[in-house]
Amino acid sequence: MPNETRELPAANDGLYRFLGGSPLAVAVRLILLSILVGVVLSAIGFDPWNILSSIRRLFDWIYNLGFDAINWVWRYFLLGAVIVIPIWLLSRLFGTPRGR
């Protein structure tokens, strides 16, 4: 029949609605967004735990430009995730419900 619709299983429907998509896709988007925000925040010298030390480290990093790429990405991911994940979680918890 042309007007048939397929329903998602009830167990996944709430999870998909809460996350805003499939869990894997949402996790990948959050990781990439956290890294991007971490790079921006780090470039302006922001560190939520110690601002002065963060600015000094930023100048040391610009001067030396030579640490491991994995540590680089991991640091930016963690820094961005401190901001991105709580905002995302709050927006999912308190956001307006969307219709089907």
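A: Here is a walk through the rings first, and then their surroundings.

A word on ground rules: this is a predicted model, where local features need pLDDT of at least 70 and side-chain atom pairs count only at pLDDT 80 or more, while totals for chains, interfaces and linings use all residues. Numbering runs from 1 along each chain as its sequence is written, and side-chain values use heavy atoms, with hydrogens and water left out.

The protein chain has four helices and zero strands, in the order α-α-α-α along the sequence; helices (H or I, at least four residues) and strands (E, at least two) are DSSP runs, numbered from the N terminus. Mean pLDDT, the predictor's confidence in each residue from 0 to 100, is 77 for the protein chain, with 70% of its residues at 70 or more. Helix 2 (residues 23-43) has the highest confidence, at 88, and helix 3 (residues 51-64) the lowest, at a mean of 72.

Now the rings. Rings of Phe, Tyr and Trp (its six-membered ring) pair if their centres lie within 6.5 Å; planes under 30 degrees apart count as stacked, over 60 as edge-to-face and the rest as tilted. That rule gives two aromatic pairs. One of them is Phe18 with Trp88, edge-to-face, with 6.4 Å from centre to centre and 70 degrees between the planes. This pair ties together distant parts of the chain, as Phe18 belongs to helix 1 (residues 10-19) and Trp88 to helix 4 (residues 69-94), 70 residues apart. Phe18 counts as partly exposed because its relative accessibility is 32%; the classes are buried under 20% relative accessible area, exposed over 50% and partly exposed in between (1.4 Å probe, protein chains only).

The other pair is Trp74 with Phe77: the centres are 5.6 Å apart and the planes sit at 35 degrees, so this one is tilted. Trp74 and Phe77 are three residues apart in helix 4, so about one helical turn separates them. Phe77 is buried, because its relative accessible area is 17%.

What lies around Trp88? Trp88 belongs to the largest nonpolar core, together with Leu19, Val26, Leu30 and Val84. Such a core is a set of buried Ala, Val, Leu, Ile, Met, Phe, Trp, Tyr and Cys residues joined through side-chain atoms within 4.5 Å. Helix 2 and helix 4 each supply at least two residues of the core. Leaving out residues up to four places away in sequence, Val26 touches Leu19, Gly20, Gly21 and Trp88, where contact means heavy atoms within 4.5 Å.

Ser34 sits in helix 2 and is buried, with a relative accessible area of 0%.
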